[in-house]
Amino acid sequence: MTGKVLPLRKCVACGQMIPKDQLFRVVRVDGKVQLDLSQKAQGRGAWVCKNPQCVALAEKKKSFNRAFKTPVSEEVINSIKMELENGSR
Ligand SMILES: [Zn+2]
């Protein structure tokens with residue numbers, strides 16, 4: 001095994017530890033929850049796999065609401081879905 005080892009983060013949907021580059025980061029900044037494509041925003045973060053199954057599951061289980069202990073607007077899930085459709089990595 002060679003190469004850079006990426007830090008692992010836990011997906012809120014499937015509960016697995018996944019390398020950061022295979023996850024979307026959602027962050028709470030000043031009480032507002034939003035998608036953090038830079039993965040560098042200050043604040044409490046939660047992570048979900050870059051696959052439609054996990055995103056759908058996170059939406060269904062309201063995993064982000066639980067992770068942040070606050071209602072999360074569906075805009076957040078919608079923007080993640082949009083990123084998935086755009087195929088951004
Ligand atoms: Zn997952």
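These are my notebook entries on a predicted model.

**Entry 1: the annotated span**

I began with the record. UniProt, in an unreviewed entry, places the feature "domain: YlxR" at residues 9–81. I looked up the two ends of that span. The end C-alpha atoms of residues 9–81 lie 20 Å apart. I also noted the make-up of the span, which is 33% helix and 32% strand.

**Entry 2: helix α3**

I turned to helix α3, residues 74–86. I checked its length against its residue count.

Which residues of α3 are buried? I found Val76, Ile77, Ile80 and Glu83. They cover an arc of only 115 degrees around the axis, so they sit on the same side of α3. I noted the helix geometry behind such a pattern: an α-helix has 3.6 residues a turn, so residues three or four places apart point the same way.

I then looked at the other side of α3. Glu74, Glu75, Met82, Glu85 and Asn86 are exposed there.

What covers the buried residues of α3? I listed strands β3 (23–29), β4 (32–36) and β5 (44–49) among the covering elements. Helices α1 (52–61) and α2 are also included.

I picked out one more residue of α3, Asn78. Asn78 is partly exposed, with a relative accessible area of 37%. I took its distance to Arg66, which is twelve residues away along the chain. The C-alpha atoms of Asn78 and Arg66 are separated by 18 Å.

I also checked what comes after the helix. Gly87 follows α3 and has a positive phi, near 70 degrees.

**Entry 3: rings**

I searched for aromatic pairs and found one in the structure. Its rings belong to Phe64 and Phe68, with centres 6.5 Å apart and planes at 20 degrees, so I logged the pair as stacked. The cut-off behind that call is under 30 degrees between planes. Both residues lie in helix α2 (residues 63–68). Phe64 and Phe68 are four residues apart, about one turn of the helix. Are Phe64 and Phe68 buried or exposed? I found Phe64 buried, and Phe68 as well.

I made a separate note on Phe24. The charged end of Lys50 sits over the Phe24 ring, 5.5 Å from the centre of that ring.

**Entry 4: Ala13**

I located Ala13 in the loop between β1 (8–10) and β2 (17–19). Ala13 counts as buried because its relative accessibility is 6%, and the cut-off for buried is under 20%.

What is Ala13 in contact with, leaving aside its neighbours within four places in sequence? I recorded Val48, Cys54, Leu57, Ala58, Lys61 and Ser63. I also took the distance to Glu59, 46 residues away along the chain. The C-alpha atoms of Ala13 and Glu59 are separated by 8.6 Å.

Gln39 has a positive phi near 60 degrees and is not a glycine. I placed Gln39 in the loop between β4 and β5. Gln39 is partly exposed, at 21% relative accessible area.

Lys69, also not a glycine, has a positive phi of about 55 degrees. I placed Lys69 in the loop between α2 and α3. Lys69 is exposed, with a relative accessible area of 72%.

Definitions and conventions
Residues numbered from 1 in each chain as written. Predicted model: local features only at pLDDT ≥ 70, side-chain atom pairs only at ≥ 80, totals over all residues. Heavy atoms only, no water. UniProt positions renumbered as here; feature names shortened; annotations may be inferred. Helix = DSSP H or I, 4+ residues; strand = E, 2+ residues; numbered from the N terminus. Phe/Tyr/Trp six-rings, centres within 6.5 Å; stacked < 30°, edge-to-face > 60°. Buried < 20%, exposed > 50% of the residue type's maximum accessible area, 1.4 Å probe, protein only. Lys NZ or Arg CZ within 6 Å of the ring centre and 35° of its normal. Expected span 1.5 Å × (residues − 1). Arc of directions from axis to C-beta. Contact = heavy atoms within 4.5 Å.
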